[in-house]
Amino acid sequence: MEEKTENVAAGSGHNKHHHRYRYRSSGRRFLFFASCFGFYALVAVTYAWFVFSPHIGRTDHVSSSSLGCREDNEGSWSIGVFYGDSPFSLKPIESVNVWRNESGAWPVSNPVLTCASLTNSGLPSNFVADPVLYVQGDTLYLFFETKNPITMQGDIGVAKSIDKGATWETLGIALDEAWHLSFPFVFNYNGEIYMMPESNELGQLNLYRAVNFPLSWKLEKVIMKKPLVDSTIIHHEGIYWLFGSDHSSFGTKKNGQLEIWYSNSPLGTWKPHKMNPIYNGKRSVGARNGGRAFLHDGNLYRVGQDCGENYGKRIRIFKVEAISKEEYREVEVPFSLEASDKGKNSWNGVRQHHFDVKQLSSGEFIGLVDGDRVTSGDLFHRVILGYASLASAISVVVLLGFLLGVVNCIVPSTWCMNYYAGKRTDALLNLETAGLFSEKLRRICSRLNRVPSFLRGFVKPNSSMGKFTLGVIVLVGLFLTCVGIRYIYGGSGAVEPYPFKGHLSQFTLATMTYDARLWNLKMYVKRYSRCPSVKEIVVIWNKGPPPQLSELDSAVPVRIRVQKQNSLNNRFEIDPLIKTRAVLELDDDIMMPCDDIEKGFGVWREHPERLVGFYPRFVDQTMTYSAEKFARSHKGYNMILTGAAFMDVRFAFDMYQSEKAKLGREFVNEQFNCEDILLNFLYANASGSGKAVEYVRPSLTTIDTSKFSGVAISGNTNQHYKKRSKCLRPFSDLYGSLADRRWEFGGRKDGWEL
């Protein structure tokens, strides 16, 4: 009896030790399990902070307190202007190169009207679309749909232009109803101005009359009790024709249906065409109206939209060959607007779906087009994929913890072995009667223990194969985490330009290089030609045989300017072929995100009289050239390196090539260095006591590719800095000292110079 008691006591002690060991082991594994979540979360935050600018894929930077310009699942529509000698030879406004020297925002580029235009005018908007033009003399009125970010429905806005559509003054909201409005078809009849907007949500087609044009309208009548989409009226050969799509009827193909009605007056009564429906089939045929029909050279043309791949993919034009009460026949004619090769970085790079064209009093034709850089549903699609990826990453962590737990027998092994061995203990018998859950758990454990050993070895952390398998699982989780963050936080993948005073413009990108760096130039051109505001790339070729343009993959025109002499002064040579006011001088070994470039351009347009760049320096009384760290330690800067700086092409280049700068240029040739320092001294001299330079902080993802090659001019940093220090004293004597100037970091409100 005593011996049995001792054995029981010994067994009890062994079980307590076993349970303590198992609980400690379980605690360690739970800690590992929780650490995986923490590690993935840390990776997600770091990845988002390091890779994505807060503004990439977004437009709400237009105003820190605005409600407008938020990402919208319908898209990011904006409106552009095109000019030409006919409706079929239109070119975007940037091709016309409209200049206004008094503003740093010129020459203007598309889009000319965006959500920022309205939001900054106190009318929050997520996008603007469906442009319709109404002309009174030399004044243009533009009516359009604007997406209200508060009610999340469309209202009808109006803007005015007195310079042929180059700039627009937002006047306000012309029509705001309790239902969604779009496609504001505006026309004149018997001396009155009418608007027939789409209101299919209401289930009827309303006609409004202007009480006080252009902002006050009154409902004149309901002209049709049908939920018509994108309706337009055509007056042709004495009869009024109404074209529209009714998607509510049984069997109707959405975006593939078109019907016609006719009347002696736009006020009705409207009678259906005998051939209705004219179309009811594929969405790609252009059945849905894409703007106002127009007459040209005696021919009538209907505008349709191709919705085949996605809603509003492209505009199609149809020549009406026959139209009567019994017959309608049309044929598609070639039509295309000059397209950008920048893809999503172009305002209309993905789709454009509404077109309105008018002939001005000058005889010139003006076309208004809306465009988008994303498809409908893009936001929803990205959010779903993003959270699905994060959920998959969490599942990977759960799988990892489960595999480690099973292999190391977090679950008591006796549950598994005794179940099939037929042995029973009192504790096990109690578990068996506890319910269905314990029974299922024992069955699962038993099956896991019966897995062949060579398969179980894949997840044993002590084996080579187990470590490899667990490592792969961890990497898969990291990959899914980054993919999820990219979809959720990375935006649409498009880089958008920053508006200045509601307008956009473009700049010329200039770089100086030679034959030994051709490999770098190819990468440079391919990357930067896709930035939204780059109009042209000028390659200043200093030495060796120049490349063929066919060797360069560019989305914009590239011009190679071959120099007679290998000189750093060539960087600022007067070039009458440059058609933009702004030039970005950017070394070919600097690779930075397009969003950084756009920020710098935005700041320069606020201060076009200054050098605006990304690499600050500070020169004090010691006349010693030092790196940015020296400027940071002195909490200020007085110089900007022109290897990455925006400047006014006329002001900067004329000043650099002036007689006053002759001695400085000769010193640059002698040293084969310091051309950027010379320009800084010239700017400081020209500005008097005012600020001559402006700093913009580049992101952490900026790369200096010269570090990976042996052709950098500043390969030996110490020698390079000593050589540059020799330039400071002569330039100070010639053009005045910089030592008495210092501008602190963080002086602007945009937060881009901290």
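Aspartate 246 is buried in the predicted model, with a relative accessible area of 2%. The residue belongs to strand β13, which covers residues 239-246. Its salt-bridge partner is lysine 226, and the closest N and O atoms of the pair are 3.5 Å apart.

A search of the whole structure finds 40 salt bridges. Among them is the contact between the side chains of glutamate 551 and lysine 522, with an N to O distance of 3.9 Å. Glutamate 551 lies in the loop between β25 (534-541) and β26 (558-562), and lysine 522 in helix α10 (residues 518-528), so the pair ties together parts that are 29 residues apart in sequence. Glutamate 551 is partly exposed at 35% relative accessibility, and lysine 522 is also partly exposed at 35%.

A further salt bridge joins the side chains of lysine 313 and glutamate 309 at 4.0 Å, N to O. Here lysine 313 is partly exposed, with a relative accessible area of 24%, whereas glutamate 309 is exposed at 67%. Salt bridges also link Glu609, Arg610, Lys691, Glu694, Arg748, Asp750 and Glu753 in a network.

An unreviewed UniProt entry places the feature "transmembrane region" at residues 30-52, 384-411 and 468-489. In the model, residues 468-489 are 100% helix and 0% strand. The end C-alpha atoms of this stretch are 31 Å apart.

Note on methods. Residues numbered from 1 in each chain as written. Predicted model: local features only at pLDDT ≥ 70, side-chain atom pairs only at ≥ 80, totals over all residues. Heavy atoms only, no water. UniProt positions renumbered as here; feature names shortened; annotations may be inferred. Helix = DSSP H or I, 4+ residues; strand = E, 2+ residues; numbered from the N terminus. Buried < 20%, exposed > 50% of the residue type's maximum accessible area, 1.4 Å probe, protein only.
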